[in-house]
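Let us walk through this protein together, one step at a time. Keep the picture beside you and look for each part as we come to it.

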Amino acid sequence: MTITAAARLAGVLGWPVAHSRSPRLHGHWIARHGLDAAYLPLPVRQERFEAAVRALVDLGFAGANVTLPHKEAAFALCDTRTARAERAGAVNTLVFREGRIEGDCTDGWGFVRALGDVDVTRGPAVVLGAGGAARAVAAALLDEGCPQVVVVNRSRARAEALAAALGAGVAVAEHPPLAGCALLVNATSRGMLGQPPLDLDLAALPRGAAVADIVYVPLETPLLAAARARGLRAVNGLGMLLHQARGGFEAWFGVRPEVDEELRRVVAEDIARR
Ligand SMILES: NC(=O)c1ccc[n+]([C@@H]2O[C@H](COP(=O)([O-])OP(=O)(O)OC[C@H]3O[C@@H](n4cnc5c(N)ncnc54)[C@H](OP(=O)(O)O)[C@@H]3O)[C@@H](O)[C@H]2O)c1
């Protein structure tokens, strides 16, 4: 990589950040488009987050991605936020313009794009989980015309809070109502490397239902394997990870990047290595 003193700079703020695939992903696009730009891992502890963001503004960065545990802190410090960031209650993309900090949340949009031709208007969706990712996914599903989102979470109070934040269209249930469900989404961390798999029998899901898992380490979770075994459409977490990155890249570097097979292969190989 060769950059000049005029290079556009961005990066990913998180703690820890060594697991992030974003530097590989953005680095691929920067090389692909031959840009005078760099995208860096930016490990920042929680108590230093705001100071670090303000330092990036002073250093002339174009912006940054934000990952765990900073998405809510990022939301709080933005001067302006997009409507979808307001709905998600979190910010994963910061854009710095003339000293001002703009916040966006592209996770939900990325999730919906990753679904490809799965028609979310066809019937109710069941979302497992009520954390930051679940809220972004639920909001995006409703915004895309999903008739109802039923949220099921270990801590019911968190599911109730999500439903209250998103309003009409969201219901809370104790157990996943699989019969009649058109789309089942795992937005918990179960099934992730080092976590127990989801303990869920998919037998009651209708034949035309789709199953999406936003966990991406590993890409093939036990939930997706069970869905495939039943002949159901299964969508892994890779597409969401790739599509959510596009908005930031375009805002910082001025090029709308594409999610293609080469990018999928590069990032999937990176995931498989660690
Ligand atoms: N593909 C992508 O681009 C993408 C983007 C963002 C996130 N993700 C993935 O999405 C998952 C959730 O991320 P997040 O940011 O929403 O995290 P989070 O805010 O910490 O939420 C975690 C969720 O998982 C639930 N959970 C955790 N351990 C559980 C267990 N043992 N049994 C049942 N439920 C459990 C939590 O339930 P409680 O509320 O009861 O604690 C909560 O609903 C992670 O695996 C993350 O890697 C993927």
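A residue is called buried when its relative accessible area is under 20%, exposed when that area is over 50%, and partly exposed in between, using a 1.4 Å probe and the protein chains only. Please remember that this is a predicted model, in which local features need pLDDT of at least 70, side-chain atom pairs count only at pLDDT 80 or more, and totals for chains, interfaces and linings use all residues. Residues are numbered from 1 along each chain as its sequence is written, and side-chain values use heavy atoms, leaving out hydrogens and water.

Now let us look at the strands. Helices (H or I, at least four residues) and strands (E, at least two) are DSSP runs numbered from the N terminus, and two strands pair if DSSP finds at least two bridges between them.

Strand 3 runs parallel to strand 1 (residues 8-14), and two bridges join them; here Leu13 stands opposite Val66. With strand 5 (residues 93-97), strand 3 pairs in the antiparallel sense over three bridges, and Leu94 is the bridge partner of Ala64. Strand 5 also pairs with strand 6 in the antiparallel sense, over five bridges, with Thr93 opposite Asp104.

Between strand 5 and strand 6 (100-104) there is a loop that holds Glu98. Is Glu98 buried or exposed? With a relative accessible area of 85%, Glu98 is exposed. The C-alpha atom of Glu98 is separated by 34 Å from that of Leu238, a residue 140 positions away along the chain.

Next comes another open sheet, whose six strands follow the order 9-8-7-10-11-12 with parallel pairing. Strand 9 (170-172) and strand 12 (233-235) are the edge strands, each pairing on one side only. From one strand to the next, the twist averages 20 degrees, an angle between N-to-C directions that can run from 0 to 180 degrees, with axes fitted to C-alpha atoms. Inside this sheet, strand 7 (residues 125-128) and strand 8 (residues 149-152) pair in the parallel sense over four bridges, and Ala125 stands opposite Val149.

What about the cysteines? A disulfide is a covalent bond between the sulfur atoms of two cysteines; here a pair counts if the sulfur atoms are within 2.5 Å. The structure holds zero disulfides. Cys146 is in no disulfide either, as the nearest cysteine sulfur, that of Cys181, is 8.9 Å away. Cys146 is buried, with a relative accessible area of 5%, and Cys78 is buried at 9%.

Finally, find the ligand. Of the 21 residues around the ligand (each with a heavy atom within 4 Å), Ala133, Asn153, Ser155, Arg158 and Ile214 come nearest. Polar contacts are pairs of N or O atoms within 3.5 Å. A side-chain N or O atom of Asn153 is 2.7 Å from an oxygen atom of the ligand, while a backbone N or O atom of Ile214 lies 2.9 Å from a ligand nitrogen atom.

Technical notes. Polar contact = N/O pair within 3.5 Å; in protein donor to acceptor, adjacent residues only side chain to side chain.
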